[in-house]
Amino acid sequence: MKHDKLIRLVLASLFAALTCVATMLIHIPMPATNGYINLGDGMVLLGAFLLGPVWGMAAGGFGSMLADVLLGYAAYAPGTLVIKGLMALSAALILRALHGKTAGLVAGAAAGEIVMVLGYFAYEGLVLSYGMAAAASIPGNAIQGAAGMVVSVLAYKVLYAVPSIRRLSY
């Protein structure tokens, strides 16, 4: 039992690091919003699919938050922790409810990305006091979300075919 918990902790840490790196290295600036588009969402969703709701939520939230802090977007860090955590949680729960089928992957990824887009709109509008100007980030976040969906579903299909990864996954 302790061995399984240790493996989950290590895998969650690995996915947090992968999320942070994917966010930081694959980084396309969006001058209109003073933000950026990245492929970190793909790692958030992939971690959720492989690790399940609790560990996936922790990995996605902390990895994304760390990237915000390291890239100089500390004002977004608290929101990112919650938003990306909820994104991973919703994706994993939907995949579980649909018994791991491809439809569950797609539905879970779509729901997670909707949480992300609406979460950042609310965070920027209410917490950062951008008001309705926060709507300017919706198109960029939607593009990032679509890329994250494609990356996560394809990567999950490839990785889940490997017996040792399938055995370790949630």
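A salt bridge is a side-chain nitrogen of Lys or Arg within 4 Å of a carboxyl oxygen of Asp or Glu. The model is predicted, with local features needing pLDDT of at least 70 and side-chain atom pairs counting only at pLDDT 80 or more, while totals for chains, interfaces and linings use all residues. Residues are numbered from 1 along each chain as its sequence is written, and side-chain values use heavy atoms, with hydrogens and water left out.

**Exercise 1. Find the salt bridge and place its partners in the chain.**

Step 1. The rule above gives a count of one salt bridge.

Step 2. The side chains that meet are those of Lys-84 and Asp-41, at 2.2 Å from N to O.

Step 3. Buried means under 20% relative accessible area, exposed over 50%, and partly exposed in between (1.4 Å probe, protein chains only). Lys-84 has 4% relative accessibility and is therefore buried. Asp-41 has a relative accessible area of 0%, so Asp-41 is buried as well.

**Exercise 2. Describe the packing of α3 against α4.**

Step 1. Two packed helices are described by the angle between their axes and the distance between the axes. Axes are lines fitted to C-alpha atoms, for helices over the stretch in contact, and angles run from 0 to 180 degrees between N-to-C directions.

Step 2. Helix α3 (residues 53-70) packs on α4 at an angle of about 150°, and the axes are 7 Å apart. The two are therefore roughly antiparallel (the class for angles over 145 degrees).

Step 3. The crossing is right-handed, that is, the near helix is turned clockwise from the far one by less than a right angle.

Step 4. Contact means heavy atoms within 4.5 Å. Residues of α3 that meet α4 include Gly-56, Gly-60 and Gly-61, and those on the α4 side include Lys-84, Ala-88 and Ala-92.

Step 5. By class, eleven residues of this contact are nonpolar, six polar and three charged. Ala, Val, Leu, Ile, Met, Phe, Trp, Tyr, Cys and Pro count as nonpolar, Asp, Glu, Lys and Arg as charged, and the others, Gly among them, as polar.

**Exercise 3. Describe the packing of α5 against α6.**

Step 1. The axes of α5 (residues 102-127) and α6 (residues 138-160) come within 9 Å and cross at roughly 155°. These helices are therefore roughly antiparallel to each other.

Step 2. The crossing of α5 past α6 is right-handed. Among the contact residues are Ala-109, Ala-110 and Tyr-120 of α5, together with Gly-145, Gly-148 and Tyr-156 of α6.

Step 3. This contact divides into 13 nonpolar, six polar and two charged residues.

**Exercise 4. State the surroundings of Ala-48.**

Step 1. Ala-48 is in helix α2 and, at 1% relative accessibility, is buried.

Step 2. Leaving aside residues up to four places away in sequence, Ala-48 touches Gly-56, Ala-88 and Ala-92.

Step 3. Between Ala-48 and Ala-109 the C-alpha to C-alpha distance is 9.5 Å, with 61 residues of sequence separation.

**Exercise 5. Locate His-99 and Ser-129, and give the phi of each.**

Step 1. Most residues other than glycine have a negative phi.

Step 2. His-99, in the loop between α4 and α5, has a positive phi near 60°. Its relative accessibility of 65% counts as exposed.

Step 3. Ser-129, in the loop between α5 and α6, has a positive phi of about 60°. Ser-129 is exposed, at 61% relative accessible area.

Note on methods. Helix = DSSP H or I, 4+ residues; strand = E, 2+ residues; numbered from the N terminus. Parallel < 35°, antiparallel > 145°, perpendicular 65-115°, else oblique.
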